[in-house]
Structure formats: structure tokens, C-alpha cells
Amino acid sequence: MSPPPIVNTVNLVRIYQDGGVPVPAVRGVDLKVEAGEFVAIMGPSGSGKSTLVHMLGGLDARTSGEIWLDGSRVDTLSESAWALLRRRKIGFVFQFFNLVANMTVADNVELPALLAGASPREARERREYLLGELGLADRADAAPAQLAGGEQQRVALARALANRPSLLLADEPTGNLDSRNTRDVLRLLGEVHRDGQTIILVTHDARVASLADRVVSLLDGQIVDDGAVGPVRRRPRASAGDVVELRS
Amino acid sequence: MRLSLLALLAKEPAHGYELKQALEQIFGRAYPSPNIGQIYVTLGRLEKDGLVKAVDVEQSNRPNKKVYYLTAKGREALDAWADEPTEGPRVRDEFFMKLVLAPMTGVADRTALINRQRRHYLALMRDLNELAERTDRGDRVALLLIEGAMLHLQADLDWLERCQEDLP
Ligand SMILES: Nc1ncnc2c1ncn2[C@@H]1O[C@H](COP(=O)(O)OP(=O)(O)OP(=O)(O)O)[C@@H](O)[C@H]1O
Ligand SMILES: [Mg+2]
């Protein structure tokens with residue numbers, strides 16, 4: 001028997017109703033993600049991307065439908081059971097990074113590993129590796145408020161990867177980064193993905209999405225496309241030298 | 001091509017093959033390698049228009065080679081080029097035509113068109129990522145060309161999303 005998918009949603013629905021008209025943010029999403037897959041979620045603003053990944057991380061409650069993680073049903077879990085599950089299995093990067101303000105960058109990154117049961121030494125080594133890969137080694141002792149937005153965002157990614165989660169959920173992890181920092185993030189994501197990390201990542205950035213095995217497009221809370229990023233459908237580039245022809 | 005050749009000749013006189021090598025060296029891997037035939041054709045046209053002139057230089061035991069140099073008129077053309085703002089890239093409109101017309105005429109379904117185009121852009125982006133990986137870190141000109149192509153592609157993708165939202 002093949003192992004269960006890491007993520008499986010069945011007719012997942014989220015309708016917001018604070019007061020006035022109900023807002024259907026996610027409308028019947030069936031999404032299966034296998035272990036080791038890297039899935040990018042794209043779609044216009046307001047199409048339900050954040051709502052979907054929040055539900056997958058237990059940070060928002062579904063209105064109806066089912067969520068299965070690693071073969072277990074989780075949409076029925078209590079908040080404390082979700083908290084435990086996240087600590088052990090899920091790394092989450094928020095669209096608007098949530099770092100602990102009164103802890104240093106290093107402590108922010110080490111905390112999830114410690115909570116998941118790593119030894120202080122393991123947590124420190126992992127932190128040094130992650131911050132190094134993201135060009136933040138020299139910011140370890142800073143407080144989050146002393147960092148630029150793009151730096152905070154990279155710290156949030158390091159923190160999400162600290163406990164080697166079986167599932168990384170990331171909401172726009174390069175939204176505030178310039179090209180150079182985006183390249184660092186892409187390199188790290190590529191590395192952990194090659195080591196088997198399952199990734200579900202929301203992004204507007206085509207560079208990020210093009211690295212994924214598969215791209216899921218949302219529109220108005222529904223999946224309108226789901227497929228692999230294939231090879232370019234035209235003659236392959238003979239030499240590297242055709243870039244400028246893109247616009248000719 | 002005309003103006004890049006004029007610019008190179010403003011630096012020093014050169015023969016066709018030297019110009020080809022200079023272009024390759026300056027623009028690196030990201031630029032389509034210029035074809036030597038094309039260079040000679042362009043030089044011929046520039047000469048006919050009076051922007052460059054050629055002198056035959058004798059070579060021991062080889063045929064003479066033509067060395068090109070910039071004329072005063074060529075210099076003027078080059079200065080005018082440098083002084084003018086350059087046109088921005090035009091919106092690539094062939095896909096847009098398809099997108100607007102195809103469903104109206106029953107040729108194709110709009111969602112299918114958009115999905116196919118998005119996948120195509122992402123595949124192109126993947127190519128560019130790989131090209132950037134293979135490019136020498138020190139080759140700034142090539143890396144900037146690639147980054148420019150990536151940013152244009154991102155704009156195309158954003159526009160695709162807008163079309164998807166706003167077309168009925
Ligand atoms: N807490 C909330 N209460 C009410 N409506 C909400 C709430 N959160 C999101 N929505 C609505 O749900 C829809 C989907 O929002 P969501 O944040 O998932 O979009 P998104 O695809 O992540 O957009 P963006 O690309 O701008 O981040 C939107 O119409 C939004 O206004
Ligand atoms: Mg969002």
C-alpha cells in the first residue's frame with residue numbers, strides 16, 4: 001500500500017460571516033499533496049490562498065469539508081491538539097511574519113526546534129545553518145524590530161524550518177524581498193526540497209512558482225488549474241543565448 | 001545590431017569577426033550569439049548609408065581583410081541614438097487578441113487559454129532560472145539581461161491574472 005498523502009482535503013469550504021453578507025473565501029477545494037511534493041498556489045488577490053493554507057495549518061476553522069494530514073483527519077481537532085500537531089509536524093510562514101518581539105532572532109529560530117524536543121545543541125546548529133543560508137548569520141543577536149521587512153521575512157522562514165517539519169506551509173515567503181534575497185530563499189527551498197521536504201507555498205512570484213513541481217491556481221475560492229510546470233512548448237533553447245528574444 | 005556595431009566602431013576600427021567577438025564577450029551567454037553573415041550584411045548596409053567606411057588591409061599569406069571605421073555621419077547617428085530616450089517594450093498583444101477574440105468566436109475557451117498561457121510563462125521562467133544558475137556570477141551584464149527578462153515575464157503573468165479577474 002502506498003503511504004497516505006501528506007495533505008488531503010475533501011470539498012473544503014470556508015465562508016466568513018462576520019455580521020453582514022457571507023463571504024465564501026474557499027469553495028469546495030479538493031487538494032492532494034504527496035510526501036516530498038513542492039506545490040505552489042497562485043491566484044489573484046482575494047482568491048482564497050491565505051484562507052486555504054491557514055486551514056491546512058489549523059489556524060482557521062473550516063466551514064465544511066474534511067482535512068486529512070498524513071492519513072489522520074484533523075479538521076475535527078481541538079485547538080490544543082492542533083497546537084501540538086503544528087509543533088511536531090508543521091512549519092508555517094505567515095504572509096505578515098509573526099516573530100516574537102522580545103526574543104532575539106536566534107531564539108526565535110531555535111524555539112520551535114526546542115519545543116519539538118531537539119537538544120539545545122541540535123537547535124543551535126540547525127539555526128546556524130538556516131540563518132547562514134539566508135545571509136542572516138550576523139543578525140542572530142538582533143531583535144526582530146531592528147530588522148528590515150525582508151530580513152524579518154527570512155527569519156520567519158528559518159523559524160518555520162527549524163523543527164524539520166513534515167509539511168512546510170508558506171504564505172508569500174518572498175513578498176518583501178529584492179531579487180538577491182529572493183535568490184537566497186529559492187536556494188534554501190530548493191535544498192530542503194531535494195532533501196525530501198514537502199512544501200505548499202502561496203506566491204505571486206513566478207520565479208518561486210516555477211521551481212515547484214506543481215502549480216495550483218485559485219480563482220474565487222476554487223481550483224481552476226492544477227498541473228506540473230512542464231518543459232517549454234517550443235524548440236528548446238539551443239544555446240543559453242536567447243533571452244532577449246523573449247521580447248523581440 | 002546597427003547601433004551596437006556603430007558604438008563598437010566608435011571605440012576603435014575593427015573587422016567583422018572582431019565585432020562578433022566583442023559582442024559575445026560583452027553580452028555573454030544571455031545574448032543571442034550574432035551570426036557572422038548578419039554582421040557583414042549589416043556592415044555593408046552601414047557602408048552604403050555612409051555611416052562607416054572600409055579599408056583593405058593586406059595580410060601576409062592570407063586574403064586582405066576589410067577594416068571598418070566610423071565616419072562623421074556615423075558618429076552623428078550614434079550621438080542621436082545615445083541622446084534619445086528608448087521606447088518602452090510594447091505589450092505583447094498576440095495572446096491578448098486570442099484571449100478576447102477566441103471565446104467570442106467559439107474558437108477556444110478562455111479559462112483553458114489562460115491556464116495554458118500561465119503554464120507556458122512558468123516554464124519559460126524555469127528556463128530563465130536554470131540559465132541564471134549556469135551563468136557565471138561575475139558576468140553582470142548577462143545576469144542583468146536575465147533578470148530583466150524575468151521581470152518582464154512576471155509582469156506578463158500579473159497581467160494574465162488581471163485578465164482572468166476582469167474578463168467575463
Ligand atoms: N477574517 C476574515 N473575515 C472576513 N473575510 C475575510 C477574512 N479573511 C479573508 N476574508 C475574505 O476572504 C477572501 C479570501 O481572502 P484571502 O486572504 O484568503 O485571499 P488571498 O488569496 O490570500 O489574497 P492576497 O493575495 O491578497 O493575500 C477575500 O474576499 C477576503 O476579503
Ligand atoms: Mg493572502
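The paragraphs below take up the conventions, the ligand and the domains in turn.

This is a predicted model, in which local features need pLDDT of at least 70 and side-chain atom pairs count only at pLDDT 80 or more, while totals for chains, interfaces and linings use all residues. Residues are numbered from 1 along each chain as its sequence is written, chains are lettered from A and ligands numbered from 1 in the order in which they are written, and side-chain values use heavy atoms, with hydrogens and water left out.

Ligand 1 is surrounded by 14 residues, a residue being counted when one of its heavy atoms lies within 4 Å of the molecule; the closest are Ser45(A), Gly46(A), Lys49(A), Ser50(A) and Thr51(A). Oxygen atoms of the ligand take part in several polar contacts (pairs of N or O atoms within 3.5 Å). On its own, ligand 1 has 640 Å² of accessible area, of which the protein covers 65%, by the Shrake-Rupley method with a 1.4 Å probe.

Two or more residues of the shell come from each of strand E2 (23–33) and helix H1 (49–56) of chain A, where helices are DSSP runs of H or I with at least four residues and strands are runs of E with at least two, numbered from the N terminus. H1(A) gives the largest share, three residues. By residue class, the shell holds four nonpolar, eight polar and two charged residues, with Gly counted as polar.

In chain B, the domain assignment, which is automatic or taken from a database, gives domain 1 (2–83) and domain 2 (94–166). Their centres, taken over C-alpha atoms, are 34 Å apart. Six residues of domain 1 and seven of domain 2 form the contact, meaning heavy atoms within 4.5 Å. Between them the two domains bury about 510 Å², 66% of it on carbon and sulfur atoms, the area being what both parts lose on being put together, summed over both.

Gly28(B) lies in the loop between helix H2 (16–27) and helix H3 (36–48) of chain B. Leaving aside residues up to four places away in sequence, Gly28(B) touches Leu23(B) and Asp139(B).

How values were computed
Polar contact = N/O pair within 3.5 Å; in protein donor to acceptor, adjacent residues only side chain to side chain. Buried area = accessible area lost by both parts, 1.4 Å probe.
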